[in-house]
Amino acid sequence: MSEISPAQKLHASFPSAGFFRRLAAWVYDLLVAVAIVMLASGLALAAAALFTSLGWVTLPEGMDHAGWLNSSPLYGLYLLTVLGLFFGWFWYRSGQTLGMRAWRLKIQQRNGARITKKQTFVRLITCCFGLGNLWVLVDFKNRRAWHDYAAGTEMVTLSKEANQLYYWKEL
């Protein structure tokens, strides 16, 4: 096992994040997620228009491109994948989404290290679109959400100084 760095020791000492701070970051990230969904939907509509103009797809009578996309379960899966990649990339890369950065929150392993790809994936499939954070209201001792327990991670509140650093190269 590798030696623990001073930065990792520092991060392991930060306090667990409370519910209201998590909620504030969740609302902030919701606004970003809506913008991401709008962009992804625009790209999907452009692709649908291209496919119909090339003759690869024929729309049913009276149906427009948006209706055609909404009638397919693949469109919903596409949007979930886009959101999963967005959140997963931020969680894995720096431990912080844009909302988490604004509210000085960070996801990390219990020892202060950055989370792994496997932990990122487990968090994504168990977070229930943020509803897992409700468990923090019941778990007074550890203040961890369902997805934190499932992935072996924790969300901590950073100091103002620690929040200024972004990628934590030494972790």
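Student: What covers the buried residues of α4?
Tutor: This is a predicted model. In it, the cover over the buried residues of α4 includes the helices α2 (19-53), α3 (65-70), α5 (98-102) and α6 (117-126), along with the strand β1 (105-109).

Student: And which residues in α4 are buried?
Tutor: Tyr75, Leu79, Leu83, Gly84, Phe86, Phe87, Gly88, Phe90 and Trp91.

Student: How far apart are the end C-alpha atoms of α4?
Tutor: They are 30 Å apart. Helix α4 runs over residues 73-93, and at 1.5 Å a residue its 21 residues should span 30 Å, so the two values agree.

Student: Zooming out, what pattern does the chain follow along the sequence?
Tutor: The order is α-α-α-α-α-β-α-α-β-α, with eight helices and two strands. The radius of gyration is 19 Å, well over the 16 Å from the globule rule for 171 residues, so the chain is more spread out than a compact globule.

Student: What does the C-alpha trace span along its principal axes?
Tutor: About 65 × 35 × 30 Å.

Student: How much of the chain counts as buried?
Tutor: Of the 171 residues, 39%. The chain exposes about 10,100 Å², and carbon and sulfur atoms supply 69% of that area.

Student: Contacts next. Of those between residues at least 6 apart in sequence, what share joins residues at least 24 apart?
Tutor: That share is 71%.

Student: Last topic, charges. How many positive and negative ones are there?
Tutor: There are 17 positive and 9 negative charges, and their mean positions lie 9 Å apart.

How values were computed: Residues numbered from 1 in each chain as written. Predicted model: local features only at pLDDT ≥ 70, side-chain atom pairs only at ≥ 80, totals over all residues. Heavy atoms only, no water. Helix = DSSP H or I, 4+ residues; strand = E, 2+ residues; numbered from the N terminus. Rg over C-alpha atoms; globule rule 2.2 N^0.38 Å. Buried < 20%, exposed > 50% of the residue type's maximum accessible area, 1.4 Å probe, protein only. Contact = heavy atoms within 4.5 Å. Areas by Shrake-Rupley, 256 points an atom, 1.4 Å probe, with all protein chains shown as cover. Lys, Arg positive; Asp, Glu negative; His and termini not counted. Charge placed at Lys NZ, Arg CZ, Asp CG, Glu CD. Expected span 1.5 Å × (residues − 1).
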